[in-house]
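Please open the model in your viewer and keep the sequence panel beside it. The tour below goes from the whole chain to single residues, one selection at a time.

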Amino acid sequence: MPSEFDPFAELKKLVMEDMRKTYSEKVIDHFLNPRNLGELEDADGFGKVTGPRGDTMQICLRVKDDKITDATFMTDGCGTAIACGSMTTELAKGKAIAEALKITQEDILKSLDGLPEDDIHSSLLAADTLKEALRDYLSLQKEPWKRAYRRVESFWASR
């Protein structure tokens, strides 16, 4: 049986060559194969931040015994926002809350082997969104009644 012809094979090759001139292999990998993409129902911590360029990211956390057992993200941003959200959730998983609070924009950039100057905003968006999700988790620990209001908001938002 003959192999299938891919009319876009040459274009894909050119796009990848161009991407490699600008981005590290880690950025490309996390963009093309994002880890932890999606939402967590009844998350223990939730953060949603819109960056200065209008892209939005959300991070959901699941926590057990003060340790992040799961983290997911979603974004409407560019490829670097996807890569940064993916890397941020990977960095956060398995960490204690106090450790995760220390994850910075620089940690994300270093883990991705850097980003071009025009794309650095994506790492700041991811770091800020993680901090927001962690603040939400800590707030719910102090005032657990707020969790009921989150469910009501979610119900009405889905209508």
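**The whole chain**

Begin with the chain coloured by secondary structure and read along the sequence, where the pattern is α-α-β-β-β-α-α-α-α-α. This is a predicted model, and its secondary structure comes to seven helices and three strands. Of the 159 residues of the chain, 41% count as buried. Among contacts between residues at least 6 apart in sequence, 60% join residues at least 24 apart.

Next, select residues 56-64, which are strand E2, together with residues 67-75, which are strand E3; the two strands run antiparallel and are joined by eight bridges.

**The nonpolar core**

Now show side chains for the largest nonpolar core, which has 30 residues; those with the most contacts inside it are Ile59, Leu61, Ile68, Ile103, Ile108, Leu130 and Leu134. The elements that give two or more residues to this core are the strands E2 and E3 and the helices H3 (79-92), H4 (97-100), H5 (105-111) and H6 (120-142). In soluble globular proteins, nonpolar side chains tend to be buried together.

Centre the view on isoleucine 108 and, leaving out residues up to four places away in sequence, look for what it touches: Cys84, Met87, Thr88, Leu91, Ile103, Ser123, Ala126 and Ala127.

**A serine in H5**

Stay with helix H5 and select serine 111, which lies in that helix. Is serine 111 buried or exposed? Serine 111 counts as buried because its relative accessible area is 18%, and the cut-off for buried is under 20%. Apart from neighbours within four places in sequence, serine 111 is in contact with Lys26, Met87 and Leu91.

**A patch on the surface**

Finally, return to the surface and select Phe8, Leu11 and Val15, which form a nonpolar patch there with about 290 Å² of accessible area together. Valine 15 has its place in helix H1, which covers residues 9-22. With a relative accessible area of 41%, valine 15 is partly exposed.

Methods. Residues are numbered from 1 along each chain as its sequence is written. This is a predicted model: local features need pLDDT of at least 70, side-chain atom pairs count only at pLDDT 80 or more; totals for chains, interfaces and linings use all residues. Side-chain values use heavy atoms; hydrogens and water are left out. Patches are made of residues with over 30% relative accessible area and no salt bridge: like charges are joined within 9 Å, nonpolar side chains (Val, Leu, Ile, Met, Phe, Trp, Tyr) within 5 Å. Accessible areas come from the Shrake-Rupley method with a 1.4 Å probe; for residues, only the protein chains shown count as cover. A salt bridge is a side-chain nitrogen of Lys or Arg within 4 Å of a carboxyl oxygen of Asp or Glu. Helices (H or I, at least four residues) and strands (E, at least two) are DSSP runs, numbered from the N terminus. Buried means under 20% relative accessible area, exposed over 50%, partly exposed in between (1.4 Å probe, protein chains only). Contact means heavy atoms within 4.5 Å. Two strands pair if DSSP finds at least two bridges between them. A nonpolar core is a set of buried Ala, Val, Leu, Ile, Met, Phe, Trp, Tyr and Cys residues joined through side-chain atoms within 4.5 Å.
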